[in-house]
Every structure is written in structure tokens, then in C-alpha cells.
Amino acid sequence: MGKKRVAIVGSGQTLHRSRRPDVNGQELIHEAVQAALSDADLTLADIDAIVIGNMDHFEGINYVDCWSVDGSGGWMKPVIKLTTGGTTGSTLSIGGYHMVASGLFEKVLIIGWEKNSESDTTGAITTAFDPIWDRLVFAGAISGLAVEAQAYMARYGATDRDAARVAVRDRRHACKNPHAQLRQEVTIEQVLASPMLADPIHLLDVCPRTDGACAVIMANEDVAEKLCPTPDWIWGTANRHSYTYLADVNFGALDSMAGAAKELFAKTGIKEPRKQLQVIELYQPYSFAGIIWIEDLGLVPRGKGAEYIWSGATDLGGELPINPSGGVIACNPIGATGLIRCAEVSLQMMGRAGERQVPEVELGLSTGFGGCMWTDMMLHGKRKPE
Amino acid sequence: MTDVELMVIRSVGGGQPFKYAVGEHGSRFFHELKEHRRIVGIKCPKCGKVYVPPRRVCGPCFAEMKEYVEVGPGGRIGTFTILRYAFIDPETGKQKPVPYGYGFIKFDGADTLFQHYIDIEDESRLKIGARVEPVFAPQRQGTIRDIEYFRVVD
């Protein structure tokens, strides 16, 4: 626990679309910032520092901390940039939390954004991998995920039909979220009939690429309850990185998530996550992860992920809804994606998630995932942590 | 969007200006591969794990490694996929030929995997655990392409 307890007091998201030619990067960032300030009923003068990030290689423009200041509100303020690949958005939320928890900053504005339409996403992702050892056969995010899914299927006998059930869930949930880019229900048969991208991943199993931004405002315990009648309290965070070269990964389980979950749950007193959590926004870029990673989280024993998904327990209305927002499969502005998970859980905790609201939430979890098999996690609570 | 006018900014003759060092251990790997068609890994003095490619530090033990170990050249498929969607290869700027077999090979005697192509002439032979062997390039130059691909020998 830091020096000060920290809460989220507001958030904002842009219009998320596959392409936003109506705005440049700075203007897109501005859209999210204005939405968050208005949501928290604050002005820029109230903000003590800014944390911003994206994955530079998607736009081919470095130093967003500098060139976005007019739009971000960073003009003549402390600005820090964080970028950690797919986990950028969730690392931003952890970084902002650290700054406020330290007691050095009272109110911090956190911004994640991406304009994925501005380059070739697979090509850009490939440049994040080792040029000597990793790039010869690598084919972006989908190839790395496909081999994880193959390894899991071989170990536990899961099928692409099991995974399709996860895609059906998330795409159905997305129809209730006005911020989601893709809002269309699909059937299991439609998922299985969609083009095979990399065995066993079909087109409808994976996330799109999106232009969008998200901003979150965090405040310390001295002011949080004055700013927001129902702040979303941060109970703790954890993160893990696990490999040097991609082929070092223990494919078939996400060790970084298992390690982060163990630490986070131990330090926040969570003994039975399945019973104690009421909602999860999982950074789940493809359907198979919805089966594999809930085992790493400790929700169900190894090999039981598919059974739990088929029971309907993770659907809205079930025992533990996962991705009521529709998740990453429905919307994926990569540098913002992890922060959207955080913002969505904060809305759930505040009771402001509209049609996608989970009733009677006390504790919720948001996660981040990077193509480098990294995990970030944040535990959110309705109640102020002890 | 029919009235969109594109502004074109060209980058002419852009080669990659990068000159990467592979280090002492990486050099050893490529030298052995080029000269002797041997695959070299390195063993952690603490946990005994054998890494391919060889590198200086075992992350979990944070220990320096010095003991080279010959592995393979045969092995098994650790995991794999078949890439079927077309994409631009940022290394060449051209469309990558698809489909292709994308394998993570566990060399005999190694504890980590090694990424490379797997022959997909008969897709049904690609299975996790299937035995594979490398097909070496006749003219080797000390690059990852000194292995052309792996083929299933089960």
C-alpha cells in the first residue's frame, strides 16, 4: 500500500472506429481528455500531472509526451510517457496509481491512445521482436497467440468450438456498450465458418484494430470523495514479465498472469477470486485466452476453463461476468486498450455502466496483456481499502 | 469516403540503417551452424536449464552462463501454427508468402524452444510432439537462414 490511498474519480472515451480520419493524434487525445474532465467535473487547472502513452511504432511518430501537449493539456505541466507494448494502457494506470499513491501528486490525468489505422499493424508489431532470432517466421500478434492456443488444446483437449463460445459472449456483451467499435452478435457457427487466419484462430476469434483514446483521472484519499460520490478505489496492482526470446515462453499457460494474480490476491486478502470478485475486464485479445487465462487467474482448475465458460457463469447475469464491455475482441485501440479495461471496471464500481452494469459489485479486476506474454493487473473496490 | 484526396510523402531507397550486435554467444551459435551444422545451446550453472539460442544470463537465476552444450539437431515440435493470412513482412517490405508452417522446435537436449519454418507439404503430419530435423542450406552464411526449414520425420 502506498502513502496515500487512491481512487478513480472519472474517465472518458472517444468515439472508437476502425478509422478516424476526422482527427489527428493530438485531436483524438483531446477528445478523451475533455470527456474525462467533464465526467469528473474538473478543469485542466485541477490536474497536477499527466501520464500518457501508446505504441510509437504504430504511427511512426515518437514522443507523444511532447507533440500532444496542446491536446492532452500537458502544456507547462509535468508529463511522463510510458510505453510497454500491448500492456501500455494498463501500465499507464499502474504508473498513475504509483504517482498518486506516493503522495507527490494529488490528481493525475492518465491517457492511452492509438491510431492503428495509420500503419500496418502486423508489420509494426513485428518490429517489437528481436531482429536476429524472432523475426524470420513471426507474423504479428496472431501468430504468437495461435501457438499458445495450439499448445493449450494439445494439453487439455479444448476445441475451437469452446473458444467460439467466448467470442459469442464478448460480441454479445459489446452490443450493450455504446463505446464498443464492433457491436454485432455472432453465432458459434459463424465464428467457426469465418476465415482461418492461423490455426486454430478464426477471424471472429480475434480483436480488430481501432482508432481511439481513453483518459482516466485518479485522485488521492484527501479529495477523492469530495470529487466523486462513488469513487472507484484501487486496492492493489501487480505486474510480471517473463521471457527474453519468444521461444522461451511456456506456451499453453500464461505464467505472467499466474504470478501477478498470486501476488495481487495475496496482498489484498482474496482467497477465492471466483467468489470474491463480481466483475472482470480481461485484456483478452482472442477467444482462446478467455479459456486459458481464467485458469491462470485461479478462477478454475487447469483444464476446466472451457467447462466454466459453457456454464454461462461469465456471461452478463452469470456468477462472475467477464468483459461486460465486450472486451478487446470488440474494440482495440492498442495503447488505450488496457486503460479502457481499467475505466470500464471503474464505471462498474461506480454503478454507472448503463446497460452493461453488473448488479451488486464490491470488487472488480482489470488486466493488461502484451504480445510479449506480459501481464498487468489492478484490483478495484467499491469500498476504501484498509 | 469517395472524395478523399491522398497526400503522398515518399521515402525513397530506404534501407534499414541498423547494425545489430549478436554478441559472443550469438556469434558462437552462428559460427557452429555455418561451419559444422551444429546447434549450440548454453547451460545455467545453477538450475541446469539449457537455453537455445545461447545467451549470457539465465533470467530466473540471474546467473552468468558459460558452459556450451551441443543440442539437436533433431527435436520435436513444441508448438506450431500454419499462417494463412497475407501480411506485409516489415523485413522485406513485401507480402510474406502464405501459407507457411510456423514452428517452435524443442531440440533434443534443450529446455527452451527455437522458432523456425516447418514444411507443410502434408499438414496432417504437423502435431505437437512430432519428431523433426533441420534441413540445412547448402551454402551457409552464418544467419538464421542457414537452416532452411524443419521437416517432420515421424
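Modeller: The model is predicted, so local features need pLDDT of at least 70 and side-chain atom pairs pLDDT 80 or more, while totals for chains, interfaces and linings use all residues. Residues are numbered from 1 along each chain as written, chains are lettered from A and ligands numbered from 1 in written order, and side-chain values use heavy atoms, without hydrogens or water.

T121(A), I125(A), A141(A), C207(A) and I334(A) are the closest to its centre among the 44 lining residues. Two or more lining residues come from each of α2 (56–59), α6 (121–126), α7 (140–156) and β10 (363–370) of chain A (DSSP runs: helices H or I of at least four residues, strands E of at least two, numbered from the N terminus). The largest share, 5 residues, belongs to α7(A).

Helix α16 of chain A covers residues 334–350. These 17 residues reach 25 Å from the first C-alpha to the last, close to the 24 Å expected at 1.5 Å a residue (1.5 Å times one less than the number of residues). At I340(A) the helix α16(A) bends by about 25° (the angle between axes fitted to the seven residues ending there and the seven starting there). In α16(A), 17 of 17 residues are buried (under 20% relative accessible area; exposed is over 50%, partly exposed in between, 1.4 Å probe, protein chains only).

After α16(A) comes G351(A), with a positive phi near 75°. The loop between α16 and β10 of chain A also holds E360(A). Phi of E360(A) is positive, near 50°, although the residue is not glycine, and E360(A) is exposed at 74% relative accessibility.

Helix α7(A) also takes part in the second largest pocket, where α7 of chain A and β6 (75–83) of chain B each supply at least two lining residues. That second largest pocket holds about 340 Å³ of space. Closest to its centre, among 19 lining residues, are R155(A), F251(A), G78(B), K106(B) and L113(B). Strand β6(B) gives the most to this lining, with 4 residues. By class, the lining of the second largest pocket has 8 nonpolar, 4 polar and 7 charged residues.

Definitions and conventions: 1 Å grid on protein atoms, 1.4 Å probe; cavity = no way out; pocket = protein on both sides within 12 Å on 5 of 7 lines; lining within 4 Å. Points joined across faces, edges and corners; volume = space filled by probe spheres on them. Nonpolar A, V, L, I, M, F, W, Y, C, P; charged D, E, K, R; others polar.
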